[in-house]
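Subject: Structure handover

Hello,

The structure we discussed is below. Please keep it open while you read the notes under it.

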Amino acid sequence: MKDKKLTMIKYVFEIIFIIFMSFMYYLSQPVVTPKILYIPKGSIHQIISHLQSEKYDVGKLDILLLRFIGSPQHGWINMNTNINTKADFLYKLTTAKAALQNVTLIPGETTYIFLNQLANNLKLDREKLQKEFGAQSNIQEGVIVPDTYKIPKGISERALIALLLKSSHKRMKNLSMKFFGTYNEKKWFRYVAIASIIQKESANASEMPLVSSVIHNRLKKCIKLQMDGALNYGPYSHMKVTAQRIKNDKSLYNTYVHYGIPSMPVCNVSMEAIKAAIFPANTNYLYFMKSKNGTHDFSCNYSTHLRNIRRATK
């Protein structure tokens, strides 16, 4: 009887040992993720389901383990390396946080310049950023909403572009739903293209509806826009537009050569510029000229416009 009891105890310990070793083996298995990982808000079950949908090696057992370890944080998590053991991975989910850095896209800036800024400020590869932007966005300008973004240090080029595009698309779609009750990408980005010229030409937000009225009035009368700001595209964002440039530029942005609105926005635009593009002021203005104080003088006829030019250049 005694031998039988000892045999049973030995058997139980062997089972416990096997379970323990299996458990340790499981915790030692590698989990491959980006160094900077995004965790959405939600329950432990929802977070594990999200990680599974992203093809990370997690499962139901991890839900149980996290109930003992603690609740995962939400937001950007710094995993430090691309490969962690399961134990380290679960622990970092509950304790680690990525350091954030503010990056500001100002209204009127081009994506070309902004990608340069991101590469310099976040120590990222400029060519990879351009490649990811081209792969993830079918529209190559005007798709990022100007704002101050909190960017996790160490984020990959792919994740950064995805973050900026997702946030911007959501805001643009919400604004379109507010104004039109629907979101039509082609229609929306025609307004963004108009807004981008308004953004480049206006001295301030209060002028935007007036500049918009000039654009709309010229379009109705089939008059070329002839606006310098349209030529501040891409790498030319901050360059003065000269007569030589107007003569030689063969791009779609040269509104001295082409009629109508460029088929692509000139730059990234503010919500105020989009509102002005959709709701122009009710005027008969066809011209405007920058005055000496930096704002613009608007006029309905060419003779007044010439007088404004003489006054500004006197």
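This is a predicted model: local features need pLDDT of at least 70, side-chain atom pairs count only at pLDDT 80 or more; totals for chains, interfaces and linings use all residues.

Residues are numbered from 1 along each chain as its sequence is written, and side-chain values use heavy atoms, with hydrogens and water left out.

Helices here are DSSP runs (H or I, at least four residues), numbered from the N terminus. Axes are lines fitted to C-alpha atoms over the stretch in contact, and angles run from 0 to 180 degrees between N-to-C directions.

Helix α2 (residues 44-53) and helix α3 (residues 60-69) have axes that come within 10 Å and cross at roughly 135 degrees. From α2, Ile44, His45 and Ile48 meet Asp62, Ile63, Leu66 and Arg67 of α3 (contact means heavy atoms within 4.5 Å).

For helix α8 (residues 185-201) and helix α9 (residues 208-220), the axes come within 9 Å and cross at roughly 125 degrees. That makes α8 oblique to α9. Residues making this contact include Ile194 and Ile198 of α8 and Val211 and Ile215 of α9.

The structure holds zero disulfides (pairs of cysteine sulfur atoms within 2.5 Å). For Cys300, the nearest cysteine sulfur is that of Cys222, 19 Å away. Cys300 is partly exposed at 38% relative accessibility, whereas Cys267 is buried at 0% (buried is under 20% relative accessible area, exposed over 50%, partly exposed in between, with a 1.4 Å probe and protein chains only).

Regards

Conventions
Helices (H or I, at least four residues) and strands (E, at least two) are DSSP runs, numbered from the N terminus. Angles under 35 degrees count as roughly parallel, over 145 as roughly antiparallel, 65 to 115 as roughly perpendicular and the rest as oblique.
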